[in-house]
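Here's a quick briefing on some side-chain contacts, with the cut-offs spelled out as we go. Have a look at the model first.

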Amino acid sequence: MSETADMEKKIILASASPRRRELMTFITDEFEIITADVDETIAEGTSPEDAVMQLSFKKAQAVSEKHKGRTVIGADTVVVCDGSILGKPENREHACRMLKMLSGREHSVLTGVTITDGEKTDTFFASSDVTFFDLTDEEILQYASGGEPDDKAGAYAIQGKGSLFVEKINGDYFNIVGFPVSEVNRHLKMF
């Protein structure tokens with residue numbers, strides 16, 4: 001077995017997201033999933049860019065502390081509209097309010113990523129812009145009732161039926177899904 005293969009087996013993805021798991025396989029199949037519960041509270045006034053980087057750092061650090069010498073990747077994604085962070089909806093009504101806010105407008109999707117081995121750490125974020133078509137109340141209610149928005153930042157999944165709302169994107173599609181694969185790969189190679 002090559003030294004590279006041995007190094008790859010040391011990678012931990014600190015995320016329970018099935019989307020991140022799938023996207024990580026574009027980089028390597030030699031990783032495992034280990035997550036940790038972390039407090040995702042961010043201080044008021046924190047910029048969205050700093051928020052996603054802080055959250056990715058918390059997730060990666062929590063797992064790294066228990067797995068010394070392993071390379072850990074943590075990530076966190078948020079949707080930002082009018083400077084406000086839209087996290088995961090609390091319920092169907094909250095999802096509908098978020099989607100109504102995004103209707104006919106451009107918003108940003110930010111993903112913070114931290115790569116750490118306990119000694120050195122690389123934290124960065126990727127940003128992509130998404131513009132939605134104007135959505136009818138009926139479209140919003142039907143989509144929110146289907147359950148897809150339940151665990152998605154901004155209450156939609158671009159890789160699912162939420163794609164029907166998207167007029168255009170500017171930036172990395174995979175960042176919008178929740179894991180900027182090409183950027184993670186480049187940072188991981190430099191790491």
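Rings of Phe, Tyr and Trp (its six-membered ring) pair up here if their centres lie within 6.5 Å; planes under 30 degrees apart count as stacked, over 60 as edge-to-face and the rest as tilted. By that rule, the structure holds five aromatic pairs. Keep in mind that this is a predicted model, where local features need pLDDT of at least 70 and side-chain atom pairs count only at pLDDT 80 or more, while totals for chains, interfaces and linings use all residues. Numbering runs from 1 along each chain as its sequence is written, and side-chain values use heavy atoms, with hydrogens and water left out.

**Aromatic pairs**

- F26 and F174 have ring centres 5.7 Å apart and planes at 85°, so they make an edge-to-face pair.
- F26 sits in the loop between helix 2 and strand 2 and F174 in helix 6 (residues 173–177), so the pair ties together parts that are 148 residues apart in sequence. Helices (H or I, at least four residues) and strands (E, at least two) are DSSP runs, numbered from the N terminus.
- F174 is partly exposed, at 31% relative accessible area; buried means under 20%, exposed over 50%, and partly exposed in between (1.4 Å probe, protein chains only).
- The rings of Y143 and F165 are also edge-to-face, since their centres are 5.0 Å apart and their planes at 80°.
- That pair links distant parts of the chain, with Y143 in helix 5 (residues 137–145) and F165 in the loop between helix 5 and strand 7 (166–170), 22 residues apart.
- Both Y143 and F165 are buried.
- Ring pairs link F132, Y143, Y156 and F165 into a cluster.

**Charge over a ring**

- K120 lies over the face of F191, 4.9 Å from the ring centre (the test: NZ of Lys or CZ of Arg within 6 Å of the ring centre and within 35 degrees of the ring normal).

**Around T77**

- T77 belongs to strand 3 (residues 71–81), and T77 is buried, with a relative accessible area of 15%.
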